[in-house]
Amino acid sequence: MPDKTEDIELTLLLEAIYRKYHYDFRDYAMASIKRRLKQACAYFECETYSQLQDLILHDESVFPRMLSYLTVQVSEMFRDPSYFLALREKVLPHLHTYPSLKVWIAGCSTGEELYSLAILFREEGLEDRTMFYATDINTEALKKAEAGVFAMDRIPLFTENHRKSGGKTSLSDYYTAAYGAAVFDKTLRQKTVFSDHSLVSDAVFAEMHFISCRNVLIYFSRELQNRAFHLFTESLAHRGFLGLGSKENINFSKYRDAFQDFSRVDRIYQKV
Amino acid sequence: MPVIVVVHLPRDKESVLSEIFSPKCKLPVVEVQDKEPIMNGTIYIAPPDYHVLIEKNRFFSLSSEEPVIFSRPSIDVLFETAADAYGSALMGIVLSGASPDGAAGLKEIADAGGLAIVQDPATAAASVMPEAALLSCPTAQIMDLRRLSDYLKSFSETRVCA
């Protein structure tokens, strides 16, 4: 069957984005990219992907907004509380045996998971020995992560999640409410390095004890997932931990054998 | 043929649908996994809190994108991506439900040459969903559950059913 015109245009658009802006979405899972680019077409009032390509190539000012369509920034603090409970009860006791720790939040988006982990590590007495690396390809999202300001109407959900994750303190200890927003305590990020990093095109940058990369790999093709798992394998210290999203798994990857299940239901793996 | 099922469920509970349906179905019933190849003769259930999308090379992808019409998984997201991947080799069925989710997607299935079927709203426990689907896709065939069941049983192995 010949390619639909729309699919030819899609390939060309992603190639144009790569060559002009060096963001490589060419090997992403296409069904989701296509949906989001359709939303971008509607927003930019373009009839076709070709029109969108024209706009993007000739008006650099639209690209940051375009990037917000290409990357999914849906997150919440302590999302899937059972994951954080498993970290608290099962993984952190192992991490306690190290004198210093490095933790990588790969695809940190607007920072919800970073603050969740910082609070968890503080509650469990590990914060002082830990460096956090929060990376994403979307620099606008990274700026928001660094600011640590979340809309107040999201706080009840975050609070409930934190409680279910076995939280030992009150979430309200960590933020100040002002003008409809919760501003998180900046000491939570005093040991965090925020950085622009791509799992698609960048290399390993430090040896990690724990990598949390949740609901990022679902947007990748299997080939790209393999590249990311390769990075994680190279980056993790011996017996380091990898945490994935609740419906992600390493089973279809060629790096399956580099890891053993540590807490299968919580998608926590340990490098062997 | 593969069968792919979306049921709106609370997001914070593990779905037990596959456990409920497994003993009642001759075909294997499993929850969709990300990047899993789509196999004939298998019934796939969407997991709670994730959209299910169909890739052109016959794989599933999951997504945490925003809910659509307050739903994740969304029927529209499944239908639209399935219509794009399978074209006329697809059947879309909208059953009872209390939201208009699925209406836009069913029209895309019909527009791509696939077969659209809607449960007779008069026989549905909640008629909002089939009524919305008929409004959006007036060419859809209307069936009650008994007829739909006979119809599906008579079907050959050539179509995908979402």
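Visitor: Where do I start with chain A, and how many helices and strands does it have?

Guide: Start with the elements: chain A has 9 helices and 10 strands. Keep in mind that the model is predicted.

Visitor: What are the spans of the C-alpha trace of chain A along its principal axes?

Guide: They are about 55 × 50 × 30 Å. For a compact globule of 272 residues it would be near 19 Å, and chain A has 19 Å, so the two agree.

Visitor: What percentage of the residues in chain A is buried?

Guide: Burial is read by counting neighbours: a residue is buried if 20 or more other C-beta atoms lie within 10 Å of its own. In chain A, buried residues make up 43% of the 272. Contacts can also be sorted by separation in sequence. Of the contacts in chain A between residues at least 6 apart, 76% join residues at least 24 apart.

Visitor: Which domains does chain A have?

Guide: Chain A is divided into domain 1, residues 5–70, and domain 2, residues 81–271. Their centres, taken over C-alpha atoms, are separated by 29 Å. Where the two touch, domain 1 of chain A gives 9 residues and domain 2 of chain A gives 10. On the domain 1 side, helix α4 (residues 63–70) of chain A has the largest share, with 3 residues. By class, that side divides into 5 nonpolar, 2 polar and 2 charged residues.

Visitor: How many residues of chain A are in contact with chain B?

Guide: An interface is read one side at a time. Here 15 residues of chain A are in contact with 17 residues of chain B. On the chain A side, the elements giving two or more residues are α2 (30–43) and α9 (222–235). Helix α2(A) gives the most, with 4 residues. The chain A side has 7 nonpolar, 4 polar and 4 charged residues.

Visitor: Now a single residue. Where is A:L126, and why does it count as buried, exposed or partly exposed?

Guide: A:L126 is in the loop between α6 (112–123) and β2 (130–136) of chain A. It counts as partly exposed because it has 17 C-beta neighbours inside 10 Å.

Visitor: Which residues is A:L126 in contact with, leaving aside its neighbours within four places in sequence?

Guide: A:L126 is in contact with A:L92, A:L95, A:H96, A:L101 and A:F121. As for distance, A:L126 and A:E6 are 120 residues apart along the chain, and their C-alpha atoms are separated by 51 Å.

Terms used:
Residues numbered from 1 in each chain as written. Chains lettered and ligands numbered in written order. Predicted model: local features only at pLDDT ≥ 70, side-chain atom pairs only at ≥ 80, totals over all residues. Contact = placed C-beta atoms within 7 Å. Nonpolar A, V, L, I, M, F, W, Y, C, P; charged D, E, K, R; others polar. Buried ≥ 20, exposed ≤ 12 C-beta atoms within 10 Å, placed from the backbone. Domains from an automatic or database assignment. Rg over C-alpha atoms; globule rule 2.2 N^0.38 Å.
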